[in-house]
Amino acid sequence: MAGNQLVEIPFTEALKAAYFMQDVTEPVLVSFSIDLDSAILNLTFSETVFSSTFQPYKLSINDNSTNNYSLISSYSITNDSFILSVLLSFEDLNNLKTLTSIATSVDNTFISHSAGFIEDMNSNSILISQLNLIANTVIPDSTPVELVCFYLDMNIGEILINFSEPVNSSSLLASYISLQSTMNLSDPSLSVQLTTVEAVTNPSYILTISVDNRDLNFIKGISQLATNVNDTYLAVGMMA
């Protein structure tokens with residue numbers, strides 16, 4: 001108090017602690033945001049957490065009502081930090097997209113977790129969440145769906161289509177689907193625009209459709225169409 005300067009303690013002669021209390025405080029999940037377009041779930045904690053201790057199956061996203069989804073195979077893509085970025089796996093992302101009542105807006109996006117879904121840097125397990133935590137930000141899926149590949153069975157008249165993400169089977173319109181003999185069609189007589197199809201699977205990224213017998217027989221009547229993989233191509237217009 002007399003204004004005397006503090007005696008210097010150089011780093012070569014640092015003072016040892018007289019007493020030390022280790023960290024025993026459990027980390028708390030403070031907030032979160034989710035982006036279904038980039039497949040990123042950001043979790044913010046009260047302190048730095050050990051990213052490698054993240055256990056996705058103990059984390060659930062829900063609508064604060066009856067609809068709930070527990071992650072399966074998503075994983076952390078950041079180093080130890082108080083903000084953890086989780087990459088939603090293909091499996092988890094597509095499962096969430098099929099649940100149209102979850103994660104479409106802030107109002108239906110909540111998160112909860114069970115004990116031990118992550119630990120801090122001193123192995124303190126996260127404090128069990130008692131209430132659902134509402135999302136700070138939700139970016140819903142707005143990426144146009146793409147057709148990845150397809151399989152045609154001429155014996156039973158089925159087309160199995162693999163999409164880049166789940167699709168609504170009820171939006172399928174036969175008039176938007178054509179089978180043709182080449183990638184770049186120059187002869188319209190080697191193409192068949194379907195008139196009637198029926199989706200035989202629930203919403204999924206893999207859709208099985210049944211081709212009408214009239215369309216199937218029309219296809220079989222064209223000798224240069226759908227006889228092998230080299231003359232079987234699918235064109236799809238905008239789905240409803």
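The scale runs from buried (under 20% relative accessible area) through partly exposed to exposed (over 50%), using a 1.4 Å probe and protein chains only. The model is predicted: local features need pLDDT of at least 70, side-chain atom pairs count only at pLDDT 80 or more, and totals for chains, interfaces and linings use all residues. Residues are numbered from 1 along each chain as its sequence is written, and side-chain values use heavy atoms, with hydrogens and water left out.

Valine 30 is found in strand E1. Strands (E, at least two residues) and helices (H or I, at least four residues) are DSSP runs, numbered from the N terminus. Together, Val28, Val30 and Leu127 make a nonpolar surface patch of about 220 Å². Patch members have over 30% relative accessible area and no salt bridge; nonpolar side chains (Val, Leu, Ile, Met, Phe, Trp, Tyr) are joined within 5 Å, and like charges within 9 Å. Accessible areas come from the Shrake-Rupley method with a 1.4 Å probe, and for residues only the protein chains shown count as cover.

Helix H1 spans residues 90-98, and its buried residues are Asp92, Leu93, Asn94, Leu96 and Lys97. Several strands contribute to the cover over these residues. They include E1 (29-35), E3 (59-62), E4 (68-70), E12 (158-167) and E16 (204-211). Contact here means heavy atoms within 4.5 Å.

Side chains of opposite charge can pair when their charged atoms come close. The structure holds two salt bridges, each defined as a side-chain nitrogen of Lys or Arg within 4 Å of a carboxyl oxygen of Asp or Glu. In one, the side chains of lysine 97 and aspartate 141 meet at 3.7 Å, N to O. Lysine 97 lies in helix H1 and aspartate 141 in the loop between strand E10 (137-139) and strand E11 (147-153), so this pair ties together parts that are 44 residues apart in sequence. Lysine 97 also forms a salt bridge with glutamate 165, with the closest N and O atoms 3.5 Å apart. That pair links distant parts of the chain, since glutamate 165 sits in strand E12, 68 residues from lysine 97 in helix H1. Through shared partners, the salt bridges join Lys97, Asp141 and Glu165 into one network. Lysine 97 is buried at 18% relative accessible area, and glutamate 165 is buried at 6%. Aspartate 141 is partly exposed at 30%.

Strand E3 has two partners described here. Strands of a sheet pair through backbone hydrogen bonds, either parallel or antiparallel. Pairing requires that DSSP finds at least two bridges between two strands. E3 runs antiparallel to strand E7 (residues 110-113), joined by four bridges. E3 also pairs with E4 in the antiparallel sense, over three bridges. Isoleucine 61 stands opposite isoleucine 111 in E7 and opposite tyrosine 69 in E4. Leu59 and Ile61 point one way from E3, Ser60 and Asn62 point the other way, and all are buried. E3 and E4 form a hairpin with five residues between them. Asparagine 64 in the turn has a positive phi of about 65 degrees.

Positive phi values also occur in two alanines. Most residues other than glycine have a negative phi. Alanine 39, in the loop between E1 and strand E2 (40-50), has a positive phi of about 60 degrees. Alanine 39 is buried, with a relative accessible area of 8%. Alanine 226 has a phi near 55 degrees and is found in the loop between helix H2 (213-220) and E17. Alanine 226 is buried as well, at 12%.

E17 belongs to an open sheet of three strands, with the order E14-E13-E17 and antiparallel pairing. Strand E14 (191-193) and strand E17 (233-236) stand at the edges with a single partner strand each, so one side of each is left without a neighbour in the sheet. The twist averages 20 degrees from one strand to the next; axes are lines fitted to C-alpha atoms, for helices over the stretch in contact, and angles run from 0 to 180 degrees between N-to-C directions. Strand E13 (residues 177-180) pairs with E17 over four bridges. Isoleucine 177 has valine 236 as its bridge partner in E17. Methionine 183 lies in the loop between E13 and E14 and is exposed, with a relative accessible area of 69%.
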